[in-house]
Amino acid sequence: MSYKIFAAPLQGFTDAPFCHFHAEVYGGADAYFTPFMRVEKGVVRQRDIRNITSPLCANHRVVPQVIFKDEAEFTLLKEAVLQNGYDCLDINMGCPFKPQVLHGRGAALLRRPELLEALLPLIGEGVAVSAKMRVGVTDADEWKPAVEALNRLPLTHITVHPRIAAQQYAGDMHIEAFEGVLNESRHPVVFNGDLRSTADISSVLERYPALHGVMVGRGLLARPSLIAEWRDGREWSRGERLEALRRLHSGIYAHYSDCLCGDAQVLAKIKPFWEYMEDEIGRKSWKAIKKASSLPKYEEAVQSVFR
């Protein structure tokens, strides 16, 4: 069976430059899901529009993800996606952050099956819709009415992170709840959560062969070669990983250096690239990068990774 492997959306990390150069260096994921697009003051945020219309999106498949609290916001976001040349979008039902959840967005949709059902006439033709969800907000059984509602929508698949929103990204996963979603969903299911190695990916696919595929997030940021290694069916040597990492960083760093002004702006954009890579590059280099206060100091710290 041919499984899909998707790159997860992470705010502040997986914008167009990362996805473009990742696809260029490693061959890419089956799709890259964007950090969520949202409505502010009655309009879709311009930075979200700029991200999905960037020329850097041309070399990989992009799926815009949207977060909303009602039908009006969903409609605005869907229209923005379609008007900018896309025929697909992903519904965010997993964001765990309290400001979003308290306003009825993200994981809060798990408790709002009536809103999910109200999307049926709004989806319309010409757009392929998927959803990314958790198994609950504060309880791991909250997925049940949400999945019943999702089963009535014309979705391409649902991606499931088997934690509740209250856990954010830590703690044990609720595997029994995930298995419940897998059994009850009428749509293909994608697994997301704690996939940090090729062995993790293979283990999940062997345990659940009916899966549509997997989605990798922090594991990909910690080891950008992860998807390529899994497709190759082997673990890359450290030398191979570092050479590819050097090329990935060089492309992103050159892009930000060209389009931003001053050390502070460039550092603010490029430092998150290394956030999850302590194990891959070593603590000494990782700390030096985080502490760098100027571009010369940053470049010196980065050089220590590849020496």
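Okay, a bit of housekeeping. What we have is a predicted model, where local features need pLDDT of at least 70 and side-chain atom pairs count only at pLDDT 80 or more, while totals for chains, interfaces and linings use all residues. Residues are numbered from 1 along each chain as its sequence is written, and side-chain values use heavy atoms, with hydrogens and water left out.

Let's start with helix 13, residues 263-270. Helices here are DSSP runs of H or I, at least four residues, and strands are runs of E, at least two, both numbered from the N terminus. Which residues of helix 13 are buried? They're Val266, Leu267 and Ile270. Those three sit on the same side of helix 13, because they cover an arc of only 95° around the axis; that arc is taken from the directions from the helix axis to the C-beta atoms. Over on the other side, Ala264 and Ala268 are exposed. For the cut-offs, buried is under 20% relative accessible area, exposed is over 50%, and partly exposed is in between, with a 1.4 Å probe and protein chains only. And what do the buried residues of helix 13 pack against? Helix 12 (238-259) and helix 16 (295-306), with contact meaning heavy atoms within 4.5 Å.

The structure holds 15 of them, each a side-chain nitrogen of Lys or Arg within 4 Å of a carboxyl oxygen of Asp or Glu. Take Arg105 and Glu73, at 2.9 Å from N to O. Arg105 is in the loop between helix 4 (98-102) and helix 5 (113-118), and Glu73 is in helix 3 (residues 71-83), so this pair ties together parts 32 residues apart in sequence. Both Arg105 and Glu73 are buried.

Next up, Arg163 and Asp194, whose closest N and O atoms are 2.7 Å apart. Arg163 belongs to strand 9 (residues 155-164) and Asp194 to the loop between strand 10 (189-192) and helix 9 (198-207), so here the parts tied together are 31 residues apart. Arg163 is buried at 2% relative accessible area, whereas Asp194 is partly exposed at 28%.

Last topic, the rings. There are nine aromatic pairs. Rings of Phe, Tyr and Trp (its six-membered ring) pair if their centres lie within 6.5 Å; planes under 30 degrees apart are stacked, over 60 edge-to-face, and the rest tilted. Phe97 and Tyr169 have centres 6.3 Å apart and planes at 50°, so that pair is tilted. Phe97 sits in the loop between strand 7 (88-93) and helix 4, and Tyr169 in the loop between strand 9 and helix 8 (175-184), 72 residues apart.

Tyr169 also has arginines over its face: Arg134 at 4.9 Å from the ring centre, and Arg218 at 3.8 Å. To count, NZ of Lys or CZ of Arg must be within 6 Å of the ring centre and within 35 degrees of the ring normal.

Finally, Phe178 and Tyr208: centres 5.3 Å apart, planes at 65°, so edge-to-face. Both are buried, and together with Phe191 they form one aromatic cluster.
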